[in-house]
Amino acid sequence: MRLRRVAAIAAIVAAAGATTAAMLPPAPADRPQPMPALTARALAARYTANSHRIVRAASAARHAGDMNLARALEHMEGHHFLDFNPRAQGLAVEVIGNLAQASRVAILVPGSDTSLTTFDSRGAASPAGSAAALAAQARRLDPRSRLAIIAWVGYATPRTLSPAVLTSGDARQGAEALRPFVRDLARDGRHVALLCHSYGSVVCGLAAPHLPVTDIAVFGSPGMDASSARALHSRARVWAGRGNGDWMRDLPFVRVLGLGFGQDPTAAAFGARHFSCGGAGHSGYFRRGGIALSNLAYIALGDPAGVTR
């Protein structure tokens, strides 16, 4: 059975590679902007500067005839962005909440097929929509919490139908960008949690060793490029969940010749804390009213007792 699954992975890679070179992810955007001082004045200046950059990028996209990108960027105008770069797939890091006053920060790390065009185009299945849904749920659970949510598209994600999605190359680039971002946020005593969806859980697994985070939650995960929670070399609480409607459960969870990401994080042998996701499909973890959203909000709030195991 396992050999057949490995053969299936190899067939997917061969088919994707033979389709066209255009299926490979484009070159990554420029390096992320350095973190500003986390004060109200410095953050306001950064948000304003990036808002102007978004307006210019939307105008350029419209003049170039890329109406999908132009509409996506116009929808981002006026929001609070710590980082924005329109090159290649683009970088976008949006903040919901008062980061200057936050005592806790939850960073949403998305998976494949995430770009500026899809940053807020798929409702709660997109990074911006997920962050908004999580922030609203956290407010319902604890109106007095000093929690900021960050939708972090800080790396060039692979395409789902490409060989890159079965390897950790793009994830390593993402981890290299995520580590300093987390350290900057945690430097003044903020408690940081990572909420990592799909291929984003590979990014989080590679970034995890000795990272100053309180919680790492993965959901819809193909693996974390680690054999166990202990192998992450992290003091964080490691959580794993998968909805009953998520096709990811049918993956073989192996790593052979550089393909795949190893042990299933929801397997008992991995050693993560399980949280319930109900019937969520692969893109449905932030659906309003779902148990997955409630549990992710409790994790973001640093309240493990509230999580349905």
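**View 1. Pairing of strands β3 and β4 around R104 in a predicted model.** The bridge partner of R104 in strand β4 is L147, and this pair belongs to the parallel pairing of β3 (residues 104-109) with β4 (residues 147-153), which runs over five bridges. Strands, like helices, are DSSP runs numbered from the N terminus (E, at least two residues, for strands; H or I, at least four, for helices), and two strands pair if DSSP finds at least two bridges between them. This is a predicted model, in which local features need pLDDT of at least 70 and side-chain atom pairs count only at pLDDT 80 or more, while totals for chains, interfaces and linings use all residues. Residues are numbered from 1 along each chain as its sequence is written, and side-chain values use heavy atoms, with hydrogens and water left out.

**View 2. The open sheet of eight strands.** The strands follow the order β1-β2-β4-β3-β5-β6-β7-β8, with mixed pairing. Because β1 (81-85) and β8 (273-274) stand at the edges with a single partner strand each, one side of each is left without a neighbour in the sheet.

**View 3. The disulfide between C196 and C204.** A disulfide, defined as a pair of cysteine sulfur atoms within 2.5 Å, joins C196 to C204 with an S to S distance of 2.1 Å, and the count by this rule comes to one. The torsion about the S-S bond is about -95°, so the disulfide is left-handed. C196 counts as buried at 0% relative accessibility, and C204 is buried with a relative accessible area of 0%, where buried means under 20% relative accessible area, exposed over 50% and partly exposed in between (1.4 Å probe, protein chains only).
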